[in-house]
Amino acid sequence: MKMGENGIIQHKNGRINGVNGKRNGKHSELSSWREDFYESFEETPLIIAIITYIGYGVLVVVGHIRDFLRSQGFEKTKAITEIKLPGFVPLYASWESFYTRNLYRRVRDCWNRPICSVAGAHMDTLERVTPDHGWNFELTGKKKTVMNFGSYNYLGFAENTGPCAEAVEVTTSEEGVGVCASRQELGYLEIHKELDELMAEFLGVEAAVTFPMGFATNSMNMPALVKKGCLILSDELNHASLVLGARLSGATIRIFKHNNMKDLEKKLCDAVVHGQPRTHRPWKKILIVVEGVFSMEGSIVRLPDIIALKKKYKAYVYLDEAHSIGAMGPHGRGVVDYFNVDPRDVDVLMGTFTKSFGAAGGYIGGTKRLINHLKVNSHSAIYACAISPPVARQVIHSMKIIMGKDGTNIGQRRIQQLAWNTSYFRRELQKKGFIVYGNKDSPVVPLLLYMPAKTTAFSRLCLERGLGIVVVGFPATPIIESRARFCLSGAHTKEMLDKALMIIEDVGNKLHLKYSRLPVPTYTRKDDPEPHLQ
């Protein structure tokens with residue numbers, strides 16, 4: 001079967017860019033999903049790319065000059081440097097130390113800001129000042145309340161009031177805050193059994209198992225699934241936890257271009273035809289590893305195509321739904337729900353509780369055979385302490401709200417509000433002339449800033465005006481693709497979105513950030529009303 005690329009353009013960077021789309025809807029038929037699939041990755045303007053490279057070049061040159069002045073005693077060295085011991089390999093890479101000392105240190109105030117409230121729709125940040133240009137920071141004792149457009153609070157469950165908080169308070173008084181044992185010893189309580197069973201019901205699979213840490217759910221479980229003699233085909237933009245898990249497994253790893261089905265099929269075909277290197281024996285397993293929503297690009301995996309390739313080449317699929325579970329699909333069940341595919345077609349369903357559920361931990365869902373295998377062989381199940389009972393209660397209660405088991409439609413309203421907020425916010429940013437990456441239905445909205453000086457200035461100016469955001473630059477992104485990453489929430493009202501858009505446009509005009517040359521997409525009707533669910 002030849003994978004079609006209807007209505008898309010292939011760019012040099014391997015990304016795929018939608019050029020047409022329709023209004024967001026439920027994918028009732030697998031054959032119709034392409035008609036509603038719109039993603040935008042506008043190319044970096046050439047002049048902006050050149051200026052960005054020059055900007056980084058100037059910073060590097062100045063950094064080397066200042067290092068020379070420090071070595072000659074003209075400038076005081078405040079950095080902690082590694083002592084060079086003969087016969088010992090340095091612990092730290094010299095380039096990383098240089099970058100941290102001379103580039104990151106100058107703009108450290110844009111990251112690691114201390115928060116002193118719930119990370120809800122609004123949050124309180126502590127004001128701090130630096131007397132020595134970023135080497136050290138001091139708190140002033142003041143705090144500033146800002147709109148929170150940076151946290152992964154997709155459904156607004158990060159709150160300290162309401163039914164979830166009340167249920168957590170009761171569980172804390174009854175069962176304490178920790179179990180002090182792994183689930184294989186004395187740490188598996190009735191509440192963990194309830195959580196595992198509810199998770200399996202929510203996903204629509206035979207069984208599920210939960211873990212105390214989302215990152216470890218990937219990094220510690222993948223080595224229990226594949227080993228030497230197996231092949232992992234990993235999307236080039238997969239999360240660090242997936243990368244680490246793949247490396248720890250000992251399996252052979254091959255990377256395919258982001259969301260590029262032609263490249264994936266080529267690598268699958270080569271793997272099946274040629275087998276393992278040198279011996280040409282068949283691979284024991286071929287595991288395709290992808291994310292539901294890619295948290296830095298805002299793109300959505302082309303899951304129906306992935307499943308079709310999996311069936312054609314007899315491979316397995318590992319799907320990380322960390323940013324899509326709760327946030328995608330008409331019922332909040334992730335990209336499986338969004339594309340209306342059978343969850344049994346995905347061999348390993350993974351996700352975390354740190355985003356849509358306002359808690360901590362992760363899960364894996366699948367067949368009973370898979371889950372029983374992980375319970376016995378996973379390092380995260382054997383050695384890690386089981387999930388804290390109050391955290392488990394937060395997940396259970398928020399999940400019941402999403403499923404409507406609390407007897408209300410609050411969960412459905414929050415899902416609909418998030419979908420509307422996503423569509424409205426993305427469309428308005430594109431109307432104003434900003435370059436926005438990702439899928440039209442993704443609650444992760446990257447806005448391209450490019451230049452290092454503009455990236456930090458954008459963060460500082462937004463904070464001054466009452467908007468808390470996350471900015472990301474090199475090396476977390478390609479050097480010419482620094483960006484601001486907005487995370488939308490069902491707790492955001494239209495008034496908050498409009499105020500945020502006004503601030504973004506004001507700062508964008510001040511910094512000249514409107515680089516887009518593409519026409520405004522028409523995937524959402526202009527008369528589409530807000531659901532008024534607040």
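Two strands pair if DSSP finds at least two bridges between them. Helices (H or I, at least four residues) and strands (E, at least two) are DSSP runs, numbered from the N terminus. This is a predicted model, where local features need pLDDT of at least 70 and side-chain atom pairs count only at pLDDT 80 or more, while totals for chains, interfaces and linings use all residues. Residues are numbered from 1 along each chain as its sequence is written, and side-chain values use heavy atoms, with hydrogens and water left out.

**Exercise 1. Work out the strand order and the pairing of the sheet that holds β14, β16 and β17.**

Step 1. This open sheet has three strands in the order β14-β17-β16, and the pairing is antiparallel.

Step 2. β14 (444-450) and β16 stand at the edges with a single partner strand each, so one side of each has no neighbour in the sheet. The twist averages 25° from one strand to the next.

Step 3. Now zoom in on one pair: β16 and β17 run antiparallel and are joined by three bridges. Val470 has Arg485 in β17 as its bridge partner.

Step 4. Axes here are lines fitted to C-alpha atoms, for helices over the stretch in contact, and angles run from 0 to 180 degrees between N-to-C directions.

**Exercise 2. Describe how α13 packs against α15.**

Step 1. Two packed helices are described by the angle between their axes and the distance between the axes. For helix α13 (residues 410-431) and α15, the angle is about 25° and the axes are 11 Å apart.

Step 2. The two helices, α13 and α15, are therefore roughly parallel to each other. (Angles under 35 degrees count as roughly parallel, over 145 as roughly antiparallel, 65 to 115 as roughly perpendicular and the rest as oblique.)

Step 3. For the hand, α13 passes α15 in a right-handed crossing. (A crossing is left-handed if the near helix is turned anticlockwise from the far one by less than a right angle, and right-handed if clockwise.)

Step 4. On the α13 side, the contact is made by Trp420, Asn421, Tyr424, Phe425, Glu428 and Leu429; α15 brings Lys494, Leu497, Asp498, Ala500, Leu501 and Ile504. Contact means heavy atoms within 4.5 Å.

Step 5. Sort the residues of this α13 and α15 contact and you get eight nonpolar, one polar and three charged. (Ala, Val, Leu, Ile, Met, Phe, Trp, Tyr, Cys and Pro count as nonpolar, Asp, Glu, Lys and Arg as charged, and the others, Gly among them, as polar.)

**Exercise 3. Locate the cis peptide bond and the positive phi.**

Step 1. Most residues other than glycine have a negative phi, and most peptide bonds are trans.

Step 2. The bond from Phe474 to Pro475 is cis, with omega near 10°. Pro475 is in the loop between β16 (470-472) and β17 (482-487).

Step 3. Cys180 has a phi near 60°, a positive value in a residue other than glycine. Cys180 sits in the loop between α3 (163-175) and α4 (190-203).
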